[in-house]
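Please keep the model in view while reading.

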Amino acid sequence: MSLVFETQRLILKPILESELNTLHSIFINPYVRKYLCDDKIWSLQQVEEMLIESQRLFDEKRFGLWFLETKDEKEIIGFVGLWYFFGEEQPQLAYALLPEATKKGYATEAATRILKYCFNELGYQYLLASCDQPNLESRKVAERIGMREVEERIVNGNPTLFFRVDKF
């Protein structure tokens, strides 16, 4: 089974080790790191460790981090994935876009495709996502794909919202 997915405007491809520098450039982008990395600049080594873990997860569990590539321009505009956060037993949906790709529906399109994959291929009964409370864009994406806010917690000193959608 291929882990490359297509949507109307995007190709979702598992991120390869050879694409480390591209992934690092996304993580250090000020717009992306504001909420995703608590505004810290991640080292190349930190991103490499994440990429190695993503590849292990793909090998063992058929999920990890996918680059979002536009079909028309063949540009990498961000990523989407399933990742373990906060000691949850099931991975959460995660997504990040470069600022020039926001407000065009790409995150919703990619998240919808991963949601379908979770329910139809991985057999999940629900999916969680979380974001910093002030991150309105991420909240809107979660709501657009049918998630509802179920909890607010303080995580690393930040108010964090948790969303859930159940298989229908």
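A residue is called buried under 20% relative accessible area, exposed over 50%, and partly exposed in between, with a 1.4 Å probe and protein chains only. By that scale Asp-38, at 31% relative accessibility, is partly exposed. The model is a predicted one, in which local features need pLDDT of at least 70 and side-chain atom pairs count only at pLDDT 80 or more, while totals for chains, interfaces and linings use all residues. Residues are numbered from 1 along each chain as its sequence is written, and side-chain values use heavy atoms, with hydrogens and water left out.

Asp-38 is located in the loop between helix H2 (30-36) and H3; helices (H or I, at least four residues) and strands (E, at least two) are DSSP runs, numbered from the N terminus. Although Asp-38 is not a glycine, its phi is positive, about 50 degrees. Most residues other than glycine have a negative phi. Lys-103, also not a glycine, has a positive phi of about 60 degrees. This lysine lies in the loop between S5 and H4 and is exposed, with a relative accessible area of 70%.

Helix H1 (residues 20-27) buries Leu-20, Leu-23, His-24, Ile-26 and Phe-27. Seen down the axis of H1, these residues fall within an arc of 160 degrees, so they line one face of the helix; the arc is that of the directions from the helix axis to the C-beta atoms. Their cover includes H2, H3, strand S3 (65-70) and strand S4 (76-83), where contact means heavy atoms within 4.5 Å.

How does H1 pack against helix H3 (residues 44-61), and at what angle? The angle is about 115 degrees, and the axes are 9 Å apart. Axes here are lines fitted to C-alpha atoms, for helices over the stretch in contact, and angles run from 0 to 180 degrees between N-to-C directions. From H1, Leu-20, Asn-21, Leu-23, His-24 and Phe-27 meet Leu-44, Val-47, Glu-48, Met-50 and Leu-51 of H3.

Helix H5 (residues 136-144) has Ser-138, Arg-139, Val-141 and Ala-142 as its buried residues. Viewed down the axis of H5, they fall within an arc of 160 degrees, so they line one face of the helix. They pack against strand S5 (92-97), helix H4 (106-120), strand S6 (126-132) and strand S8 (158-166). Just after H5, Gly-146 takes a positive phi of about 95 degrees.
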